[in-house]
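Subject: Structure handover

Hello,

Here is the structure I said I would pass on.

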Amino acid sequence: MKKYLAEMIGTMVLVLMGCGAAVSLGCDNSIPSSVVGTAFAFGIAVLAMCYTIGGISGCHINPAITLGVYLSGKMTGKDAGYYMLFQVIGGLIGAALLYILVTLAGGDLAGSALGANDLQTVISDSGQSQQVTVWGGFAAEIIFTCVFVLVVLGATSKTNGATNNFAGVAIGFALVMVHLACIRYTGTSVNPARSIGPALFAQLTDGHITALTNLWIFIVGPMIGGAFAAMLWKVIEPVTKTK
């Protein structure tokens, strides 16, 4: 139970800090500094949690990572199911705490959307704005989750030299990198547990219907990406030599 609770707490911190930074900085594609700040908030949150609960649960705090680890044969189906459940619960708690903070502080719920993921509006070279398509956002979530989970599997592997000693650093900066590249398309989820809570509270508090309507993109896309990462890692994973 301790490892499940650790996953819940870790995911709560990730959502509270990452989405909290998005709210505080007013994360918007048109404001580069807010994008960079939000990206680093998510990455640093993961880095901190890696060294806080990594020895307890492995610090997945992401169902896509858990799926990748399970498909790699490194955990049981029972553990994987409970990890995902407690991750979602943690994400809901983190979103609830953020909602309470924004509400008590008299914040602009309409402007913040509590950091919920959604298809983004981008400005073309001609100055016209258009929304990222459903399939464009879906593809982005698959691709960037695959990259992120592949980093996690490689950095934590005990057959991959001494890289696992610095796994937290690699994973944290990989998440920064992924956010910088993906925020333009979806606000960057690559983590269903990070998306569910904020989407629900954004819908309940301010009627952000599209955040809930498009939620499937941020659940299905990352899970497919995590599965692809597990397949890729099986192909390139070093084999421990036996004497």
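Predicted model: local features only at pLDDT ≥ 70, side-chain atom pairs only at ≥ 80, totals over all residues.

Residues are numbered from 1 along each chain as its sequence is written, and side-chain values use heavy atoms, with hydrogens and water left out.

Overall fold. The protein has 10 helices and two strands (DSSP runs numbered from the N terminus: H or I of at least four residues for helices, E of at least two for strands). Read from the N terminus, the order is α-α-α-α-α-β-β-α-α-α-α-α. The radius of gyration is 17 Å, close to the 18 Å of the globule rule for 243 residues, so the protein is as compact as a globular protein of that length (taken over C-alpha atoms; the rule is 2.2 Å times the number of residues to the power 0.38). Along the principal axes, the C-alpha atoms fill a box of roughly 65 × 40 × 30 Å. Of the 243 residues, 49% are buried (under 20% relative accessible area, with a 1.4 Å probe and protein chains only). Of the contacts between residues at least 6 apart in sequence, 74% join residues at least 24 apart (contact: heavy atoms within 4.5 Å).

Core. The largest nonpolar core has 49 residues, and those with the most contacts inside it are Val-46, Ile-61, Leu-98, Phe-148 and Ile-171 (a core is a set of buried Ala, Val, Leu, Ile, Met, Phe, Trp, Tyr and Cys residues joined through side-chain atoms within 4.5 Å). The elements that give two or more residues to this core include α1 (2-25), α2 (32-57) and α4 (77-104). The most comes from α1, with nine residues. A second, separate core has seven residues, among them Val-122, Val-132, Phe-138 and Ile-217.

Ile-61 and Gln-87. Leaving out residues up to four places away in sequence, Ile-61 touches residues including Val-46, Met-49, Ile-53 and Gln-87. Gln-87 is found in helix α4 and is buried, with a relative accessible area of 0%. With the same exclusion, the residues that Gln-87 touches include Glu-7, His-60, Asn-62 and Thr-66. The side chain of Gln-87 also makes a polar contact with the side chain of Thr-66 (2.9 Å); this term is a pair of N or O atoms within 3.5 Å, where within protein one must be able to donate a hydrogen and the other to accept it, and residues adjacent in sequence count only if both atoms are side-chain atoms.

Regards

Technical notes. Buried < 20%, exposed > 50% of the residue type's maximum accessible area, 1.4 Å probe, protein only.
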